[in-house]
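Please look over the sequence and the 3D structure before reading on. The report then moves step by step through parts that can be found in the display.

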2 protein chains.
Amino acid sequence: MSKMQKPEDLLAGVLDGNPRAIARMMSLAESKLPQGRRACADVYHHAGKAHVIGLTGVPGSGKSTMVRALTQEFRKLGKRVGIVAVDPSSPFSGGAILGDRVRMGDLTTDDGVFIRSLATRGALGGLARACLDTVDVLDAAGYDLVLIETVGVGQDEVDIAGSAHSVIVVSAPGLGDGVQAIKAGVLEIADIHAVSKCDRADAGETISDLRSMLHLGLQGRERFGWQVPVIGTSAETGEGIEALASSILSHRGHLDQSGEWPHRQRKIAETRILKSAEDMVRDSLESGRDQNLQALIDQARKRSLDPASAARELIKNLKIYS
Amino acid sequence: MSKMQKPEDLLAGVLDGNPRAIARMMSLAESKLPQGRRACADVYHHAGKAHVIGLTGVPGSGKSTMVRALTQEFRKLGKRVGIVAVDPSSPFSGGAILGDRVRMGDLTTDDGVFIRSLATRGALGGLARACLDTVDVLDAAGYDLVLIETVGVGQDEVDIAGSAHSVIVVSAPGLGDGVQAIKAGVLEIADIHAVSKCDRADAGETISDLRSMLHLGLQGRERFGWQVPVIGTSAETGEGIEALASSILSHRGHLDQSGEWPHRQRKIAETRILKSAEDMVRDSLESGRDQNLQALIDQARKRSLDPASAARELIKNLKIYS
């Protein structure tokens with residue numbers, strides 16, 4: 001950031017859809033700077049129009065390829081598409097260490113597509129919060145659809161996927177993913193199941209496994225009459241991609257028509273607040289040079305105070321940046 | 001739980017090493033019941049003697065096999081070993097959906113080994129807190145070593161591994177894990193790198209990649225003179241398992257002798273407090289029938305209040321169970 005820019009100019013640039021302003025706003029959102037927090041709040045007030053789609057699945061399930069194929073499909077329909085990749089093994093994340101957006105294949109030259117990758121943060125924390133703020137930037141910048149790609153393991157990842165309007169769980173044949181998905185608590189958040197690599201002979205089995213699980217009622221969420229579909233796709237042959245894109249758009253329509261929309265929005269708001277609160281607790285603990293806090297940590301270390309009691313004290317005395 | 005038992009009897013059973021009491025205490029610790037929280041606090045005061053070892057790596061890296069081989073090695077040295085498996089794809093987690101402990105192969109008949117698997121919780125949250133409380137139960141019950149197996153992706157998983165005294169990052173040849181590990185923020189927490197499947201021809205490359213990264217100084221933590229080793233192992237031939245076990249025990253000795261121990265303990269206490277605080281925020285939000293909270297969620301949903309401002313209000317007004 002060589003040239004300084006006023007926050008209001010940056011916001012105006014984002015609302016205008018200026019790619020440089022978008023990228024800078026994203027970097028600010030990812031940072032833990034106070035001006036980053038204020039910028040996120042501004043962006044939040046201007047977001048809320050995009051259809052946010054979460055794609056989740058274990059490494060090797062073919063998520064990235066599916067994101068790419070779906071993006072091409074949505075572009076044919078004239079939609080502008082934002083992509084936020086959180087999976088460290090995603091090819092979209094190639095530049096994640098440098099914190100830069102990267103582009104992939106023929107999406108490179110398309111001005112209607114914006115790709116951002118987020119490195120998972122390890123001990124730094126705050127991934128889910130940063131990811132959802134990044135989605136807001138694309139939303140405020142006028143992208144019609146925002147695709148979030150996450151690996152389907154871990155609390156943050158499940159929370160991120162669960163914060164989308166339409167959640168696609170991606171399974172590949174032969175990985176035993178069906179069972180993995182149940183165990184990881186991901187099945188319950190799927191609005192649509194997509195099975196990749198359906199040119200393979202064993203894809204039928206994966207599809208029927210998923211259908212059986214759905215018949216057993218392992219759906220989790222109340223769905224307001226939405227029947228969770230299982231859609232076979234192949235990036236090789238192009239099979240099923242149009243059906244998947246169409247099902248995603250139908251799901252958005254269903255949310256509106258069924259009356260599920262306010263419930264879903266509410267749940268998403270809850271997750272957003274939760275993730276922000278977790279971030280504040282974490283930041284306060286990590287930056288805490290506070291005597292009181294140091295004493296709590298010391299007592300916990302010596303096992304004279306248990307973590308829950310220490311946490312209660314921490315929360316009571318939390319110093320929150322505003 | 002057909003028969004009720006007084007909490008103090010249950011604790012006494014755990015301290016005696018009674019397997020039924022241990023299993024019941026773990027179920028209580030995993031629950032969100034108030035008596036579970038009190039039980040965890042009691043257990044915490046009696047824990048702190050075990051050497052806690054975290055093994056982390058992506059699915060397919062051979063963690064479970066390594067946990068098994070290490071356990072056999074430690075048993076030869078007369079150590080009692082507890083195992084907590086958090087990876088949903090682990091064979092140890094076979095019974096995770098039923099919430100039961102499972103056993104594997106020849107560890108089944110060994111009274112010096114206790115295996116517990118934790119299902120990842122998806123939207124329920126609290127995995128890291130529950131896992132670390134489970135470790136405490138094994139610690140208080142007198143297990144000399146507790147091995148935690150987690151998949152190396154996701155905030156909770158990194159936090160869990162980072163709460164061990166000795167962190168082993170497991171990589172397999174040919175998976176490109178080295179790079180994945182850096183990106184996932186896992187490299188920085190490794191005290192020891194173990195490379196599995198070293199009977200394979202391409203294992204040498206993985207080992208040298210990891211060594212190069214270490215030479216580049218990508219170690220993260222301050223290590224008080226500890227040189228992070230890269231150890232090749234093979235479950236097939238048994239190669240390297242003894243060296244790995246020995247390196248783990250050396251690392252524990254290093255923590256003591258170098259003066260790192262109090263720092264490490266402090267960091268672990270911080271993580272424990274953080275995870276408990278996060279749990280409280282999550283529980284409060286999820287169970288919150290509170291008018292004030294409902295109003296905050298509604299404002300956030302309508303985008304008239306941003307998540308960070310709502311989170312600040314939430315924390316100020318948090319009702320915490322005690």
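## The model and its numbering

This is a predicted model, in which local features need pLDDT of at least 70 and side-chain atom pairs count only at pLDDT 80 or more, while totals for chains, interfaces and linings use all residues. Residues are numbered from 1 along each chain as its sequence is written, and chains are lettered from A and ligands numbered from 1 in the order in which they are written.

## Chain A as a whole

Chain A has 12 helices and 7 strands, where helices (H or I, at least four residues) and strands (E, at least two) are DSSP runs numbered from the N terminus. Of its 322 residues, 56% count as buried; a residue is called buried if 20 or more other C-beta atoms lie within 10 Å of its own, exposed if 12 or fewer do, and partly exposed in between, with the C-beta atoms placed from the backbone.

Two residues are said to be in contact if their C-beta atoms, placed from the backbone, lie within 7 Å. Among contacts in chain A between residues at least 6 apart in sequence, 73% join residues at least 24 apart.

## The sheet of chain A

Strands of a sheet pair through backbone hydrogen bonds, either parallel or antiparallel. In chain A, an open sheet of 7 strands has the order E3-E2-E4-E1-E5-E6-E7, with parallel pairing; two strands pair if DSSP finds at least two bridges between them. The edge strands are E3 (113–117) and E7 (230–232) of chain A, each of which pairs on one side only. Neighbouring strands of this sheet are turned by 20° against each other on average, with direction ignored.

Strand E1 (residues 51–57) of chain A pairs in the parallel sense with strand E4 (residues 145–151) of chain A over 7 bridges, and E1(A) also pairs in the parallel sense with E5(A) over 4 bridges. On the E4(A) side, A:Gly54 stands opposite A:Ile148 and A:Thr56 has A:Thr150 as its bridge partner, whereas in E5(A) the residue opposite A:Leu55 is A:Ile168. Are the residues of E1(A) buried or exposed? E1(A) is mostly covered, with 7 of its 7 residues buried: A:His51, A:Ile53, A:Leu55 and A:Gly57 point one way, and A:Val52, A:Gly54 and A:Thr56 point the other way.

## Helices against the sheet

Helix H5(A) lies across E1, E2 (81–85), E3 and E4 of chain A and runs at about 160° to E4(A); such angles run from 0 to 180 degrees between N-to-C directions, and axes are lines fitted to C-alpha atoms, for helices over the stretch in contact. Helix H9 (residues 241–258) of chain A also packs on the sheet, touching E1, E5 (166–171), E6 (192–195) and E7 of chain A, and its direction makes about 170° with that of E6(A).

## Helix H1 of chain A

Which residues of helix H1 (residues 7–15) of chain A are buried? They are A:Leu10, A:Leu11 and A:Val14. Seen down the axis of H1(A), these buried residues fall within an arc of 100°, so they line one face of the helix; the arc is that of the directions from the helix axis to the C-beta atoms. On the other side of H1(A), A:Glu8 and A:Asp9 are exposed.

The buried residues of H1(A) pack against helix H2 (19–30), helix H3 (34–46) and helix H5 (127–140) of chain A. Just after H1(A), A:Gly17 takes a positive phi of about 80°.

Helices H1 (residues 7–15) and H2 (residues 19–30) of chain B pack at an angle of about 120°, with their axes 8 Å apart. H1(B) and H2(B) are therefore oblique to each other, given that angles under 35 degrees count as roughly parallel, over 145 as roughly antiparallel, 65 to 115 as roughly perpendicular and the rest as oblique. Where they meet, B:Leu10, B:Gly13 and B:Val14 in H1(B) face B:Ala21, B:Ile22, B:Arg24 and B:Met25 in H2(B).

B:Asp159 has its place in helix H6 (residues 155–162) of chain B, and B:Asp159 is buried, with 26 other C-beta atoms within 10 Å. Not counting residues up to four places away in sequence, B:Asp159 touches B:Ala128, B:Thr271 and B:Lys275.
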